[in-house]
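Visitor: I'm new to this one and would like to learn how to read it. Could you show me the structure and walk me through some features?

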Amino acid sequence: MPRLRSRLLLALAWLLLGITGASATPGFRTATIETPERPHPLTLAIWYPAADDGTPRLVGDNPVFQGVAVREAATPLSGRHPLVVLSHGFGGNRFNQAWLAVQLADAGYVVAATDHPGTSTFDRDPDQAAALWRRPADLSRVIDHLTGAADLSAMVDPARIAVIGHSLGGWTAVEIAGGRFDADAFTRNCAQATSIACTILARIGRLPDPDWRSHMAADLADPRVSAVIALDPGGIGGFTQASLKGITIPVLVIAAGIDRIHLPAETEARRLAGLLPDRSADFHELPDAAHFSFIGLCKPGAAAILDREQPGDGILCRDGDGRDRPALHAETTTLVVEALKTVWPR
């Protein structure tokens, strides 16, 4: 049955994504958001349902990753659309899930993604990286902007807002849903089962700091968010069980079945799903996906380029044994869209 279900989901994905025919190209805008708690403005990418005008271009394209087609400054389609805010992983950026953003925009969603200062490809400032509690606040700032800016708010339905995060972005999404971090719980968890999340926080070096612990333990939930989706999340061992049990909004957890970076589903994604209330949690594992299957499509030869620049970085382009990354993206998009339809029936 699981294999049959997987085939059916994949078939639905092909239909949903219009693989047999061209899909619409979304509108695209950029914005910057001034934030008093950050030394630099947040850089924002916005995809949205649009008319067939604007300037065609690729965004997120570079020698390693394939860009996605957009129409810059295209005329937004009339009406208010659900808003999805994306949160990238540690060392990622606002274009990591552009492949998902364009498909969600084609399905009728406004999608916004920001770089998180300190933990992005373009900003590795260690002090900003240590301030992990600012990541959920970044997303709240994005929601403020999209629902308040005169040229954007007409596109967005403020009653239908979701957050999708990958890796550390998955942790960020759970925080914004109501998860509460406890440094002692995290330390105990790392003593029992080391993951890359433990390595990253050890490198940040703030776990013993009382002020850091206080900031991290704060309630960072945003009540405007009515659903979250975590793509192979990390750092789950730091959430208090009580806070996870208290989450009332729907949470979809999608796990990678192949662990290449010491982020096992058993102690991260599957653990998260098991601690959430049954009424709000849904869990899916993609057995032939790896952690970085949820970022963009790599160009031919990209793994070798990455390994030459930094040995080991070629892992960003390596999936599991089975389906290729486009097929994994297709199934992920199907799961995401079906989950959001459940939250906001049309």
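Predicted model: local features only at pLDDT ≥ 70, side-chain atom pairs only at ≥ 80, totals over all residues.

Visitor: Is E72 buried, partly exposed or exposed?

Guide: The idea is to look at relative accessibility, where anything under 20% is buried and anything over 50% is exposed. E72 comes out at 28%, so it counts as partly exposed.

Visitor: And which residues does E72 touch, leaving aside its neighbours within four places in sequence?

Guide: With those neighbours set aside, E72 is in contact with F28, G54, T55 and R57. Also look at G27: it lies 45 residues from E72 along the chain, yet their C-alpha atoms are separated by 5.7 Å.

Visitor: Let's step back to the whole chain. How many helices and strands are there?

Guide: The protein chain has 12 helices and 10 strands. Its C-alpha trace spans about 55 × 45 × 45 Å along the principal axes.

Visitor: What does the radius of gyration tell me about the chain?

Guide: You set the value against what a compact globule would give. For 346 residues that would be near 20 Å, and the protein chain has 19 Å, which agrees. As for burial, 55% of the 346 residues are buried.

Visitor: Now for helix pairs. What do I look at?

Guide: Two packed helices are described by the angle between their axes and the distance between the axes. Take helix 4 (residues 134–148) and helix 5 (residues 168–177): their axes are 9 Å apart and the angle is about 70°. Helix 4 is therefore roughly perpendicular to helix 5.

Visitor: Which residues meet where helix 4 packs on helix 5?

Guide: From helix 4 come R135, P136, L139 and S140, and they meet L168, G169, W171, T172, E175 and I176 of helix 5. Sorted by class, the residues of this contact are 5 nonpolar, 3 polar and 2 charged.

Visitor: Why is helix 5 described as largely enclosed by the rest of the structure?

Guide: Because 10 of the 10 residues of helix 5 are buried. Among them are W171, V174 and E175. Just after helix 5, have a look at G178, which takes a positive phi of about 125°.

Visitor: Can we try another pair? At what angle do helix 2 and helix 12 cross?

Guide: Helix 2 (residues 98–106) and helix 12 (residues 325–343) cross at roughly 45°, and their axes come within 10 Å. The two helices are therefore oblique to each other. As for handedness, the crossing of helix 2 and helix 12 is right-handed.

Visitor: Which residues make up the contact between helix 2 and helix 12?

Guide: On the helix 2 side you'll find W99, L100, Q103 and L104, while helix 12 brings H329, T332, T333, V336, V337 and L340. By class, this contact of helix 2 with helix 12 holds 6 nonpolar, 4 polar and no charged residues.

Notes:
Residues numbered from 1 in each chain as written. Heavy atoms only, no water. Axes fitted to C-alpha atoms, helices over the stretch in contact; angles between N-to-C directions. Helix = DSSP H or I, 4+ residues; strand = E, 2+ residues; numbered from the N terminus. Parallel < 35°, antiparallel > 145°, perpendicular 65-115°, else oblique. Left-handed = near helix turned anticlockwise from the far one by under 90°. Contact = heavy atoms within 4.5 Å. Nonpolar A, V, L, I, M, F, W, Y, C, P; charged D, E, K, R; others polar. Rg over C-alpha atoms; globule rule 2.2 N^0.38 Å. Buried < 20%, exposed > 50% of the residue type's maximum accessible area, 1.4 Å probe, protein only.
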